[in-house]
Amino acid sequence: MEDINVFNIVNDIDYDFIEKNSDKILSDYLYINNDYPLYKYNKELWFENPLFDRDYAFYMQTLIPICNLLTYYRLKEDDRLIEKALILFYTWYEENYMTNYYKKNNGLTIALRLMVVCDLFTIVKKIDLCVLEDSFENVMLSHCAILENDKNYKQNSTIGLEQDIALFVSSIVLYQYYGNSNFLNLKLFVKHRIINQLNFLIYEDGSFSEHSVEQAYRINLRLIDFYLFIEEYGESEELCKIIKSKSDNLLIFIYAMLEPDGYLPNIGLGSYTKINIDKLIKINHSLSEHLKYICTNGIEGKKLLYQNVYFPSSNYFISVNQNEINDNFMKLTIYSHFNPYIEKHYDLLAFTFYHKNLPLFVDCGNYKNKERLYYDNMTSLYGHNSICVDKHDYLIDKTFMNKSGITNITIDNHITLLSEVSCLYEGILLRRNFLFIKNYYLIIIDEFDSIENHQYEIIFNINQKLSIKNNELEYAGYLDEKKYFSIKNLYCTEICTTTFFNGNKKDFKGFLSYNGKDIEPTNTVIYKIKCSNGLNISLITLNPTIHVSYQILNDQINFKMGDDVYSIIRNKFYRYLEKNGKIFHDEKTNNKALLNSINDFYRRKK
């Protein structure tokens, strides 16, 4: 009988920590990860939550302490680790399974726990340990039955994909060791669900439908492991090809989003995440060498090559100023993705900006601890570099699908113009335009169009390491007395006022979280304008060697920089770019629902 090697569900275990604490871990202590202390085991831990921490309870119910023992066993081949894992499994079985407590868990918990149980079972079979096979079989069969049931299935979700992967893996394990042909039918059934999930989650352009760059990375790690697993056991050549294709496309998105320091930004539901390059390129990819270059700070691999990447399916756009990573490297990331089925962050029309080896304009991240007011503000528009209307977030509703996004982009070697629209506020059309003069300026032109007067707040969240100096409507960021940038209100149709926050516990503004667990004060600048129809121009200066002047006309905005004049031509749907009278070619959206929403707004306004 062929041995089966089930892949591990944890990708970032700290081997040094386990080595240092191996005596405790081999005795009575449980290791989850470095965010939690080692806890002395008692059976109540299987159903109690001593830390009152949802993540801790989730890790316990998914049997992560067992998972970590198995990971460490693969490195050390110390049978004491397996013995400890079996003891924990049997006590969980008595306390949770036999009492039916396990049925209270959600689909994701059950799926990941099934993977851990399959992993433990195949290892003990391989080393020929005497175990209570009925216990393993009961758990695997009951978990499969729950995950197979459509009532428990999460469609169009990474959770559903995790459920399907667990079902597929367990069907192979159960068929291999118990020979029941019903498991072959289960595998065929799950295969179709996996394909449907992948087609929904990963767009053709490689971008990710769920709103988290970290989640895109973690799902790709899972797909790589799953691909290698089914390839090893000769399963479904068709499914292998689809997984490989989707994983390759998703890696393009991950690569484009990766910051020069080798971290993924904390956009959406994710944290600021250091990628594991060895695991990400287990399968060779055309970008493998470029990923190595970023993650090794240029020691290995090849230089970064792209300068502009557009993902129309998810409304992400990334622009950099050069293919060399140094102090002058700049990266603008614009995201206007809207998925009402999983959305928890209000970040339409938002952006981040990286310069001088530092994220300058940042997303405030995803704070998961119990202080709800911090969480609410960090996930609101105030936690993002965006626009807030009347101090309220827009509604997240599936009827608003495709009523926001990028309308058109103009790209040249040294200049980019991107225009995007949001129709999610009733009776209001917001348009944001980014004019990126690479190496020198980022100009943000915000247009407000509404039937009645409203208050508009233009929000900028700035890296907490910078000290901020203010002169009326201009703010400058310094690090070690060195000026990194300045931002000022260049023009506004109405009176503009400004507010600055840094760790304000009264309003809960001016905070960010990189890891999702800890918060720290950061710098937040807010410009306020009240109008019905208005225009606001924010000038972010990165290299002040060229003077900027402007001219506002009815359907045109001109910026003079040195000997060149850049003109933004405005019409109902799009914004075009001219340089010295010569118009640039642009790429327009094919989102007809968005264009219809713009048209409907102006029709109702008449």
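I began with the second largest cavity: its lining residues divide into eight nonpolar, one polar and one charged. (Ala, Val, Leu, Ile, Met, Phe, Trp, Tyr, Cys and Pro count as nonpolar, Asp, Glu, Lys and Arg as charged, and the others, Gly among them, as polar.) The model is predicted; local features need pLDDT of at least 70, side-chain atom pairs count only at pLDDT 80 or more, and totals for chains, interfaces and linings use all residues. Residues are numbered from 1 along each chain as its sequence is written, and side-chain values use heavy atoms, without hydrogens and water.

I noted a volume of about 60 Å³ for the second largest cavity. (A cavity is a set of points on a 1 Å grid over the protein atoms alone where a 1.4 Å probe fits but cannot get out; lining residues have an atom within 4 Å of a point.) Helix H4 (64–76) gives the largest share of this lining, four residues. (Helices are DSSP runs of H or I, at least four residues; strands are runs of E, at least two.)

Next I looked up the largest cavity, at about 70 Å³. Strands S8 (350–355) and S9 (358–361) each give two or more residues to its lining. S8 supplies the largest share, three residues.

Last, I checked an open sheet of five strands, in the order S22-S23-S24-S25-S26, with antiparallel pairing. (Strands pair if DSSP finds at least two bridges between them.) S22 (548–552) and S26 (582–583) each have a single partner strand, so one side of each lacks a neighbour in the sheet. Two bridges join S25 (575–579) to S26. Lys579 has Lys582 in S26 as its bridge partner.

Definitions and conventions
On a 1 Å grid over the protein atoms alone, a cavity is a set of points where a 1.4 Å probe fits but cannot get out, and a pocket is an open set with protein on both sides within 12 Å along at least five of seven lines; lining residues have an atom within 4 Å of a point. Grid points are joined across faces, edges and corners, and a volume is the space filled by probe spheres set on the points.
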